[in-house]
Amino acid sequence: MGFRVLGPMEVRFGHGRLELAGSREQRILAVLLLDAGQVVPVSRLVEALWDDRPPPSAAKAVRNCVSSLRARLAAVSGTTGLIVSESGGYALRVRDDDVDLRVFAERVRHGRRLAADGNLGDAVTELRRALALWRGRAFTGVTGRLIEMSAARLDEQRGAVQEECLSHELGLGGGAELVDEIAALVAAEPLRERAQGLLMLALYRAGRRSEALDAYQRMRRLLVQELGIEPGPELAELQQAILRGDRRLGAVTAVTPLPRAAPGEPARSATHPVPGQLPGQPYAFTGRTATLDDLHGLLDAAARSGTTALVMLSGTAGVGKTALAVHFARQVADRFPDGQLYVDLRGYHPSGAVLDPGEAVRGFLDAFAVPPGHLPAGLAAQSALLRTLLAGRRVLLVLDNARDAEHVRPLLPGGPGCLTLITSRSRLTGLIAGEGGHPLTLGLLSPGEARELMIRRLGTARMGAEPDAVAAIVAHCAGLPLALAITAARAASHSTFPLAAIADELDAARGGLDAFAGMDASTDARSVFSWSYRALTEPAARMFRLLSLHPGPDVELAAAASVAGVAPLAARPLLAELADTNLISEHVPGRYASHDLLRAYAGERVRAEESESARLGATRRMFDHYLYGAHAADVRLHPHRDPIDLPARADGVTVVAVGDRDAAWAWLSAEHPVLLNLVRQAVGDGHDRHAWRLGWALTTFLDRRGHWHEQAVVQRAALQAARRLRDRDAQARALRNLSVAGLRLGQDDAARAHLRHALRLYRVLDDRVGQARTLLNLGTVAERGRRPRLALRYAEQALDLFRAAGHRSGQGNALNNVGWYHIQLGDHDRALRYCREALPLQQETGNRYWEAHTWDSLGYAHHHLGQYPQATECYRRALALWQEVGERYYEAISLSHLGDTGLAGGDPQAARETWRRALEILTELGHPDAERIGAKLAG
């Protein structure tokens, strides 16, 4: 689902658009979108519908309207959870990137952070991306005071962001090319002093000093007439600086006005032909609805503001940039009666024969039938002549396959009225700041769009006959139009082949590129990718190759630097080069991913161009990077774990600095999918020393986040690696961790067997602390089997071993367990004594995790002694600590206990609310205890 409010409000799904049923539904959805993810009280929804005069039945009408809207959204989205009722209101549960307002806000925040760090060029890029989301006034067409006030605030934010962006562009040396845009901003809101100052500076730099001074005088008269005030000191100082030609204002570039058609005179002249160079409609074009909407919105905005529309459409090789550009150009060709120009600049041609900009300019001049004798000498003069010809005319230019910004600059029109659409594998960020271009990145096709493309090429009947084969083909092609087109062409040329046979071919290729070899270089995936690859600098090409050794799904800067064996400062421009050519994508800030087929191509290149020792070195650096990072993060989360030794770090490894507990959670959360893949890869590649240690380092995170199935998989891999190494200590650690995962998943028999095996290993090693920890785990298994006396004996044995080893933190843990088992046996006074003895040991050693266990045990004992206020206080202390250490399962257990105390103390409402919170956590974790809490609520 996609929700768009920065312009006319729209709800998009798949290939369609949901038509909202009347103004009430529009207003309700608008308010929910303004606070997406937050609970909106019914009173606010009532205000949105009726301002200050709601009828007596207003609340009921709101509920009916929300119910209708919820049903309509569910019908088109396939999910019933978009609008939920909570705490006397309603909340719209959607992802931030599904709402253009949220995307706008995030891009603005990112742009401002970049600007604060001094990266003005990147800041302009991000702010331009934010502004490109706007298609008109916010919530256009939605009425009501509350919505209109919100829309006005949003429009003010847009203006402020536009001012910031333009200010940064001027800070980068911009001038004449910004005049039209700033003038449009000033015309829309004449009292914006900052915008007026930007206009004065742009005019001055454009060599239009008198116009800059006139702008100041107009602003002064307006302020005096409307507000009775003089311009602010910044504007006055700027006027004085312009008067004296202050060098700090930047360089002045004189601009000779180009001839334009007189008012009322048609732009087209009988002396100039009307070129129509667009290629034919792309075969079987499908999808791209959202991007087409963006293109139409940018064109409409340029038409309203009287500015030039310049759009850069970038994307990886084979993603369909040219097809989309030509399709859109043909859609809007009738809006450009003075001609449509097209040129293939061959920026990534396999022969390396890039089209010179001079040739392209000369081709366009020929299209307007400029006599050879009238052509000036030199590219600069011919480019100026082209701008002169385009001035005052409405012409569409498609500049296809550009290599970089300099490749297209000589071809750009200078005035408003034209649309220039550029496609490139590079992002052409230089055109954003310099020429005010709007970047659009073309992504992969959705599964639905991919199926539609195949249907258009092969027909509904053939596709419908083999749905499983179609699904397999779509999955193998991974949304890349080039791969889909190659596969569809093969199926079409062998009309008697079952599609299952085509799917089997793709499966046999095992993700490689052999299945996507076309009839010629332009339709062969490997060849197409090679054109981008050969354009890279050698350091970037090496980075591209080596990243194929990374298991994915994505990689961040420090990890990429480690793989390549370079410093992060050196890795950053290499990743930027790869992202700029769309060989990788920065799908979230600071994290890079690559299409599956590009990864396959990179894998071919690394095997062909890197020696085995180079590949092994890169892999070792990668494992070291993640092991050291995971270990540092684990120590932050659980500083009282028994330590492990790490292998010596290879040269060239960047070690992640994990500053505190929050940073540890953040790093592990971000790298969680990578680390899981890395453990599997380490075992498969024979890196056993890294495999078991990574499993050890992930234990705390996976357990506290409730990822117990993943924990079991990781620990089985760690155990396999430890056995190959014949490392008894590593085996025992993996067995204990595997038993904990089994306990969480209710696999008590398996957990008991793992622990008994671990205990035998620790006895052979004469490791008292290891034995004690294993005995505590066995006590937990015995308790779950309703054998509290056996559990107590295990805990007492563990306490003796910890005391013999002088392990004070372990003594605190064991004392708490002894107390807890006394509770199970009904001796609550004795339990209090043991737990009170445990508490100072845990506080002395800073063991917050086990201190939380002890507060919970104390609360449980007080509860059963009828001391409910004391029990409540203990549980609250436990909950604060569980939340601090991020242990969600035990947080739910303490909430369950607190609810029991609330009910026993005569407050059933508090009990109900507390149990609900516990149920939410356990349901999210998928834990079977959720049924028990649900039964309490039902009772």
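Biologist: What makes Asp634 count as buried?

Modeller: Asp634 has 4% relative accessibility, and buried means under 20% relative accessible area (exposed is over 50%, partly exposed in between; 1.4 Å probe, protein chains only). Asp634 is therefore buried. This is a predicted model, in which local features need pLDDT of at least 70 and side-chain atom pairs count only at pLDDT 80 or more, while totals for chains, interfaces and linings use all residues. Residues are numbered from 1 along each chain as its sequence is written, and side-chain values use heavy atoms, with hydrogens and water left out.

Biologist: Why is the contact of Arg641 with Asp634 called a salt bridge?

Modeller: The closest N and O atoms are 2.9 Å apart. A salt bridge is a side-chain nitrogen of Lys or Arg within 4 Å of a carboxyl oxygen of Asp or Glu, so the pair Arg641 and Asp634 qualifies. Arg641, at 14% relative accessibility, is buried.

Biologist: What makes Arg220 and Glu230 a salt bridge?

Modeller: Their closest N and O atoms are 2.9 Å apart.

Biologist: Why is Arg220 called partly exposed?

Modeller: Its relative accessibility is 31%. Glu230, with a relative accessible area of 43%, is also partly exposed.

Biologist: How many salt bridges does a search of the whole structure find?

Modeller: The search finds 48.
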